[in-house]
Structure formats: C-alpha cells, structure tokens
Amino acid sequence: MTDEELNTALDHAARWLRVSKRVCVLSGAGVSAESGVATFRASNGLWEGHRIEDVASPDGWDRNPNLVWNFYNARRANVATVKPNPGHHAIAELEKRWGDRFTLVTQNVDGLHLEAGSVNVLEIHGSLRQTRCTVCGSVENRGLDPLGEMPECPQCHGVLRPHIVWFGEGLDDDIWSAAMVAANGCDTLLVVGTSAVVYPAASLVPIARRKGATVIEVNMTRTEASSSADIGLYGPSGVMLPKLLQKLGETVASATG
Ligand code: BJW
Ligand code: ZN
C-alpha cells in the first residue's frame, strides 16, 4: 500500500468506527507476531519437525501425551518471556471507547490481550495458562510457570491436558455462542492478524457481513477474509492499529470541536 492509499483507508475506517454502536474484533496469531510469538502457518505449520495437527489434536494426545506436553511447555515458556505489543494495547484502548458494546474474540491462546488490559475477551481456542483434568474436567488457571512432562490434577490425580481447543474438537458452547452474538450484533468487525482459514472462527466474518457490518481487515497480506472486507489496512498490526486509534481520536476531535 502506498502512504496515500493507507491514509485514505485509515480515514475511511475511522469514519466507520466513529458511527459504530457495537464493535467486534476477531484476532489471530499475527497480533502477537511482533511480541515474538510465532504464527501457525509461517513455518509451514511445523513445530520441531512435527505437524501442528499432530501435537494439537486428540489423536496426537492419544499417541504421545509427553510430546504434546513438551510442545505446550515450550510454548508456555516462550510466552512467559514476551510482552503485549502496541497492537494489543491499541485493541485494549479501543475497548475503552465502546465499553460493554465491544467484544474481542481471539483465537490466540497466549493471554497477551488480557495482559494488555482487554476485558471483554472470548478466548475461543482456550488458553496456554489453563489446564483441564481428563478425569474430573476441572479447569485451573496455572499461569506460565513450568508444569513438567505429565502434570496431575490436584483434586483427583487424573492426567491434566492443556485447556486448548485442538483440531477436530468442538469449541465451548457458551463462549462460541457469545462470539456469534457479538458478530451478529456488531456494526464493525475488525479482523486482525488471522489467515481466516480455521473454522468455525473464520465464519464470524461472513456472519457479521450478512448482518450488514463493515469489515475492516488488518494484516500483513491479503487473506481468505479479504474478499469480504470493505477496508484493508495492510501492514503490521502493531503499527496499523495505533495509527487507526490516532485517526479515530482526530475524527472525534474534529467532529466535536
Ligand atoms: C500479521 C502479522 C503482523 C503475521 N501484523 N498480521 C477439513 C479437514 C479437517 C478439518 C477441517 C476441515 N474443514 C474444517 C475443519 C475443521 C477445523 C479447521 O478449520 N481446519 C482448517 C485448518 C481447514 N476446525 C476445527 O477442527 C475446529 N473445531 C471444529 O470445527 O469442531 C467441530 C468439529 C468437530 C469434529 C469434527 C469436525 C468438526 C477447532 C479448531 C481449533 C483450532 N485450534 C488451533 C490450534 C490450537 C493449538 C494451539 O494453539 O496450541 O488454533 S489451529 C491454529 O489456527 C490455532 C489458531 O488459533 C488458529 C488460527 O490461526 P491464525 O490465528 O489465523 O494464525 P495463522 O498462522 O494461520 O495466520 C497468521 C496471520 O497473521 C497471517 O494471515 C499473517 O499474514 C498475519 N500476520 N504477522 C498483522 N505483524
Ligand atoms: Zn481431576
């Protein structure tokens, strides 16, 4: 995008946001890329030579739970060393403008949005910071401290697994319903840093669009969602979102003053 194209797109996006009563954000791994968290499809979907589907699926868990815990412990250790970036902070700032009329639906499991101060967050794929007991089902917040190779449930000594939605597993009904309500009811959907290839998350884009929402995409490149987007802001989200926030401030200032 040239500077001029970007400026026009930012103006356009800020104008839409300005008149939006409800805003929904769908975020993906790209938002955390500038914090130093690897995206999924950048490395051909591989982790140390294993396909992501093999370490993030019920079959992978059944075959080799130690390998799965090694994968998640490495991810947890990495996230413990990183911080939210200006993209996360800009999303948290946006929420302050709309309050409870703002919903952040994130596919990310790193918890960086919450760390940046976002409040109304739906972590539809779970969290690296939580475990779930495979026997009693209890979900616990564990932070990012090391958990060892095969942690046990403090209540029933059952085997714990990461509280993450793996390929082929359904999403939590209540969380997914809330995400659908947000997408169905928003005037603007911001789609940030996601390849929009994983379902059902990606279906939030057509859902919002069918209800007449304006779709603004923020990404390094065009994606599967681009053809549904009214406005594209192509560049790093840690740069684009603060620029958008600044424009929004200018729009508000010029409209009120
Ligand atoms: C930047 C940037 C910067 C970079 N600034 N941008 C056909 C076959 C098999 C399965 C299916 C199928 N069709 C549909 C399915 C179902 C499957 C699915 O969608 N698969 C697709 C891959 C085809 N979905 C499921 O299985 C879901 N469950 C389900 O559907 O239940 C019903 C069901 C039950 C039983 C049977 C069948 C169906 C569950 C999906 C759960 C997804 N889980 C994962 C892994 C979690 C593991 C973990 O994190 O530990 O979640 S998959 C992985 O992808 C992860 C992510 O949340 C998710 C989305 O990825 P995301 O965030 O978009 O990241 P990337 O890497 O793809 O993209 C990054 C983007 O950022 C890029 O666009 C970059 O350009 C951009 N970027 N730097 C801005 N600085
Ligand atoms: Zn238990």
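Here are some numbered notes on this structure, which is a predicted model.

1. Start with the overall layout.

2. Next, have a look at where the two domains meet. Five residues of domain 1 are in contact with five residues of domain 2. Together the two domains bury about 390 Å² between them, and 60% of that is on carbon and sulfur atoms. How many salt bridges are there between domain 1 and domain 2? The count is zero, although a search of the whole structure finds seven.

3. Now for the metal. For orientation, the ideal angle for four tetrahedral donors is 109.5 degrees.

4. Two of them, C136 and C153, link distant parts of the chain and are 17 residues apart. C136 sits in the loop between strand 6 (126-133) and strand 7 (139-141), while C153 is in the loop between strand 7 and strand 8 (160-164).

5. On to the charged pairs. Side chains of opposite charge can pair when their charged atoms come close. One such pair is D11 and K247, whose side chains meet in a salt bridge with an N to O distance of 3.2 Å. D11 lies in helix 1 and K247 in helix 10 (residues 237-256), so this pair ties together parts that are 236 residues apart in sequence. D11 counts as partly exposed at 32% relative accessibility. K247 has a relative accessible area of 14%, so it counts as buried; the cut-off for buried is under 20%.

6. R51 and D54 form a salt bridge, 3.5 Å from N to O. D54 also pairs with R63, and there the closest N and O atoms are 3.5 Å apart. Through these shared partners, R51, D54 and R63 are joined into one network. As for accessibility, R51 is partly exposed at 47%, D54 is partly exposed at 27%, and R63 is exposed at 57%.

7. A13 is part of helix 1 (residues 3-18) and has a relative accessible area of 0%, so it is buried. Setting aside residues up to four places away in sequence, A13 touches I216, I231 and L244. S32 belongs to helix 2 (residues 30-33) and is buried as well, at 1% relative accessibility. Which residues is S32 in contact with, leaving aside its neighbours within four places in sequence? They are V37, N85, H88, N108, D110 and L112.

8. Last, a few backbone details. Y199 and P200 are joined by a cis peptide bond, with omega about 10 degrees. P200 is in the loop between strand 9 (188-192) and helix 9 (204-210). A196 lies in that loop between strand 9 and helix 9 too. A196 has a positive phi of about 55 degrees although it is not a glycine, and it is buried at 8% relative accessibility. H157 also has a positive phi, near 65 degrees, and it is a residue other than glycine. You'll find H157 in the loop between strand 7 and strand 8, where it is exposed, with a relative accessible area of 55%.

Conventions
Residues are numbered from 1 along each chain as its sequence is written. Chains are lettered from A and ligands numbered from 1 in the order in which they are written. This is a predicted model: local features need pLDDT of at least 70, side-chain atom pairs count only at pLDDT 80 or more; totals for chains, interfaces and linings use all residues. Side-chain values use heavy atoms; hydrogens and water are left out. Helices (H or I, at least four residues) and strands (E, at least two) are DSSP runs, numbered from the N terminus. Buried means under 20% relative accessible area, exposed over 50%, partly exposed in between (1.4 Å probe, protein chains only). Contact means heavy atoms within 4.5 Å. Buried area is the accessible area (1.4 Å probe) that two parts lose on being put together, summed over both. A salt bridge is a side-chain nitrogen of Lys or Arg within 4 Å of a carboxyl oxygen of Asp or Glu.
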